[in-house]
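Subject: Structure handover

Hello,

Here is the structure we talked about. Please open it next to this email. My notes follow below.

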Amino acid sequence: MKTLMVLDFDHTVVDDNSDTWVIRCLPSQTLPDALRGSYRRGHWTEFMCRVLSYIGEQRVGPEEVRGVMETLPLTPGMRELLTFVAAHKNLVDCIVISDSNAVFIDWILGGAGLRAAVDQVFTNPAMFNQLGYLEVAPHHTHSCSRCPVNLCKRAVLECYLSGRGTADMEYRQVIYVGDGGNDLCPTACLSERDVAMPRKGYALEKLLGGSAPIRARVVPWSSGADVLEQLRASLEA
């Protein structure tokens, strides 16, 4: 039976927020006040649609955007972790569940030479329109009141796991690695044999240290080396 590694992307695989990093491709590297002030809580993807449209209107082309996104640094140790995962696909499946978008994640993983490590990416779909502007759509609709309107990571994870079907396709363990508040919901569906890994000093660690109900063992991490150590221990158990 394989182990499943589930990774968030922003502030987990990469050491920043891809949606704010893209603003560096603008000549001014900033957004107008009116655009910045248009964000509504829980509607980040809707806000990013406006940001990406503004970037296109400033005549910043797709290759310029890509060049900037490929400079977003990986979190320390994540290259080594994903390289290990890619070399042990007979033992480990790896998926990404992220509120970023498909184009950014593909560019960044591809630029780092790490696409082979990730079996599936669940995120907001994105594509360039006829004007050359990047457009992003919600990943799905859901009924969870705790998550952003465009993505409930628990719903995604539960759907993925249920799709494994027969017992011989089940995972021996799920290791969930994340940092933010929207990573709390999926940890609630983990079992006693699973591991939830919140990044030290980030929101998820605080939430899991509170009254959040969770059955999985909690192992905080500060670098990809910590996650790799946990993965190796899991595979050797």
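Is Arg59 buried or exposed? Arg59 counts as exposed, at 77% relative accessibility. Exposed means over 50% relative accessible area, buried under 20%, and partly exposed in between, with a 1.4 Å probe and protein chains only.

Some ground rules. This is a predicted model: local features need pLDDT of at least 70, side-chain atom pairs count only at pLDDT 80 or more, and totals for chains, interfaces and linings use all residues. Residues are numbered from 1 along each chain as its sequence is written, and side-chain values use heavy atoms, with hydrogens and water left out. Helices (H or I, at least four residues) and strands (E, at least two) are DSSP runs, numbered from the N terminus.

Arg59 has a positive phi of about 60 degrees, although it is not a glycine. Arg59 is in the loop between H3 and H4. Gln29 is not a glycine either, and has a positive phi of about 55 degrees. Gln29 sits in the loop between H1 and helix H2 (33-36). Gln29 is exposed, with a relative accessible area of 51%.

**Helices with a buried side**

Take H4 (residues 62-69). Its buried residues are Val65, Val68 and Met69. They cover an arc of only 100 degrees around the axis, which puts them on the same side of H4. The arc is that of the directions from the helix axis to the C-beta atoms. What covers the buried residues of H4 includes helix H1 (18-21), helix H3 (44-57) and helix H6 (102-111). Contact means heavy atoms within 4.5 Å.

Now H5 (residues 78-87). Met78, Leu81, Leu82, Phe84 and Val85 are buried there. They span an arc of only 155 degrees around the axis, which puts them on the same side of H5. These buried residues of H5 pack against strand E1 (3-7), E2 and helix H10 (224-236).

**Strand E7**

Which residues of E7 (residues 195-198) are buried on each side? Val195 and Met197 are buried on one side, Ala196 and Pro198 on the other. Both faces of E7 are therefore covered.

E7 has pairing partners. Two strands pair if DSSP finds at least two bridges between them. Strand E6 (residues 173-178) pairs with E7 in the parallel sense, over four bridges. Val177 stands opposite Met197 in E7. Strand E8 (residues 217-218) also pairs with E7 in the parallel sense, over two bridges. Val218 in E8 is the bridge partner of Ala196.

Ala196 comes up again with Thr187. Thr187 is in helix H8 (residues 184-187). At 1% relative accessibility, Thr187 counts as buried. Thr187 touches Tyr176, Ala196, Leu208 and Ile214, not counting residues up to four places away in sequence.

**Cavities**

How many cavities of 30 Å³ or more are there? The count comes to two. The rule uses a 1 Å grid over the protein atoms alone: a cavity is a set of points where a 1.4 Å probe fits but cannot get out, and lining residues have an atom within 4 Å of a point. Grid points are joined across faces, edges and corners, and a volume is the space filled by probe spheres set on the points.

The largest cavity holds about 60 Å³ of space. Its lining is Leu52, Ile55, Gly56, Val60, Val65, Phe128, Gly132, Tyr133 and Leu134. H3 gives the most to this lining, with three residues. By class, the lining has seven nonpolar, two polar and no charged residues. Ala, Val, Leu, Ile, Met, Phe, Trp, Tyr, Cys and Pro count as nonpolar, Asp, Glu, Lys and Arg as charged, and the others, Gly among them, as polar.

The second largest cavity has a volume of about 40 Å³. Its lining residues include Asp19, Trp44, Thr45, Leu52 and Asp99. H3 and strand E2 (92-101) are the elements that give two or more residues to this lining. H3 gives the most, with four. This lining divides into four nonpolar, four polar and two charged residues.

Thr45 deserves a look. Thr45 lies in helix H3. Thr45 is buried, with a relative accessible area of 5%. Not counting residues up to four places away in sequence, Thr45 touches Asp99, Asn124, Val136, Ala137, Pro138 and Asn150.

Best wishes

Notes
On a 1 Å grid over the protein atoms alone, a cavity is a set of points where a 1.4 Å probe fits but cannot get out, and a pocket is an open set with protein on both sides within 12 Å along at least five of seven lines; lining residues have an atom within 4 Å of a point.
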